[in-house]
Amino acid sequence: MTSNTEALRRRSNAVLDGKETPPTDDETSSSSSSESEAPSHIEQSKPRTSSASDNATTESAPENHSLYSTSGSKMIQHVLPWLGLAVWPLMLFLPLLLNHTSKCHYSTLFPRTWYTIHGELWLDKSVEEGGIWEWGSSSDKPLRHPLGLSLGISAVAIGHVFLLAYFRLHQQQVLGNTTPVQRRGVAEYVYLTALKSHLSQPGGFLLLGLYLTITWVFDMLPPSYYSFGGGIQYTRVALCLICQDFAQFVMHRVEHVSHPKVYRISHKPHHKFTNPKLFDAFDGSVPDTAIMILIPLFITAHVVRDCNVWTYMAFGSSYANWLTLIHSETTFPWEPLFRSLGLGTAADHHVHHKFFKYNFGHTFMWFDWIAGTYRNPKDVWGKEFNVGV
Ligand SMILES: [Zn+2]
Ligand SMILES: [Zn+2]
């Protein structure tokens with residue numbers, strides 16, 4: 001009853017704000033999109049079916065208001081949305097867990113020979129000094145031990161599970177009201193179908209996994225990347241994110257302005273979404289992922305050369321998950337702060353998908369600021385985008 005009342009109250013507010021509103025509660029009823037239809041994530045959260053109840057809602061607002069008169073429930077309403085902030089540290093869950101001095105420390109979980117050479121950590125050892133080769137061989141060349149690789153892929157996967165769990169709560173408005181970025185044309189979708197498609201994109205996690213495996217096992221990364229010495233180096237994580245986004249910005253620009261054939265084969269498939277949703281993040285072509293994500297990843301590893309395995313893990317997880325978040329069809333509570341700092345938000349990236357010529361950066365808008373290609377979502381508030389996104 002309380003959740004119904006809350007949903008009705010939010011609906012009432014949305015109507016009063018002039019926002020587009022959901023007509024149905026049927027999560028799986030439609031896969032089509034229409035300019036006049038409201039986004040399904042709102043539909044899914046509303047246990048209401050008719051416009052008649054809208055009128056009833058507005059009329060009964062004073063009565064509902066009394067349910068929120070206590071300061072406790074008001075405080076909960078204000079605090080709940082901010083619980084979503086936990087998704088950021090949770091992206092680093094595995095490297096933090098395995099470095100924690102507890103039963104879960106990596107040295108108590110794995111045999112020492114999997115992450116050391118002659119009992120020493122690899123931190124300062126070069127290839128020439130030997131010993132960093134620990135695992136089998138391929139013809140005349142030995143291979144890297146796969147422990148770090150497996151943990152790295154697991155770190156991204158676990159971080160992504162937390163993100164998806166949070167997004168489901170956010171989408172269902174369990175943590176508070178949400179605002180669609182764009183006013184029209186939000187695609188409706190069945191959550192599980194979209195999730196399956198998201199996880200099985202050949203140009204997404206599968207290709208990323210292949211890249212990580214090949215570059216790791218065949219020793220294509222700087223030596224320190226194989227070292228378990230030390231914990232997460234946070235400044236290096238930030239440097240990697242900045243370097244990655246700069247390289248991605250350049251490659252993205254190249255894809256847009258080079259020969260039309262290049263654009264058509266590589267990046268155009270991702271631009272079929274003029275109003276993307278979170279699950280469209282990795283929906284592109286294999287060449288697009290190779291040009292815009294894998295080449296920048298390789299460049300970043302060889303520019304920021306002194307990362308250890310935990311830093312590489314933390315960077316990989318925060319990058320992949322942030323890239324996913326900026327494709328969300330709704331905004332998040334931290335985004336006003338991010339916008340002011342030039343950190344990528346969903347609305348910033350929606351500007352790119354909607355208008356093509358702006359916001360080529362993904363996790364940072366700094367390079368667009370410098371290149372003069374930045375367009376603030378505020379410019380289209382009340383037009384293509386909802387006010388406040
Ligand atoms: Zn995109
Ligand atoms: Zn583009």
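**Figure 1. Burial and overall make-up of the protein chain in this predicted model.** Of the 389 residues in the protein chain, 37% are buried, where buried means that 20 or more other C-beta atoms, placed from the backbone, lie within 10 Å of a residue's own, exposed means 12 or fewer, and partly exposed is in between. The chain holds 18 helices and 2 strands; these are DSSP runs numbered from the N terminus, with helices (H or I) of at least four residues and strands (E) of at least two. Contacts are pairs of residues whose C-beta atoms, placed from the backbone, lie within 7 Å. Among contacts with a separation of 6 or more, 72% link residues 24 or more positions apart. Residues are numbered from 1 along each chain as its sequence is written, and chains are lettered from A and ligands numbered from 1 in the order in which they are written. Because the model is predicted, local features need pLDDT of at least 70 and side-chain atom pairs count only at pLDDT 80 or more, while totals for chains, interfaces and linings use all residues.

**Figure 2. Confidence along the protein chain.** The average pLDDT (the predictor's confidence in each residue, from 0 to 100) is 81, and 76% of the residues score at least 70.

**Figure 3. The largest nonpolar core.** A nonpolar core is a set of buried Ala, Val, Leu, Ile, Met, Phe, Trp, Tyr and Cys residues joined through C-beta atoms within 7 Å. Here the set has 52 residues, and Y225, V309, M313 and F315 touch the most other members. Helices supplying at least two residues each include α9 (147-171), α14 (286-303) and α15 (309-325). The largest share, 10 residues, comes from α15. Leaving out residues up to four places away in sequence, Y225 touches A301, C307, V309 and Y312. Another core, of 7 residues, lies apart from this one and has F249, L343, F364 and M365 among its members.

Figure 4. D219 counts as partly exposed because it has 17 C-beta neighbours inside 10 Å. F356 counts as exposed because it has 12 C-beta neighbours inside 10 Å.

Technical notes:
Contact = placed C-beta atoms within 7 Å.
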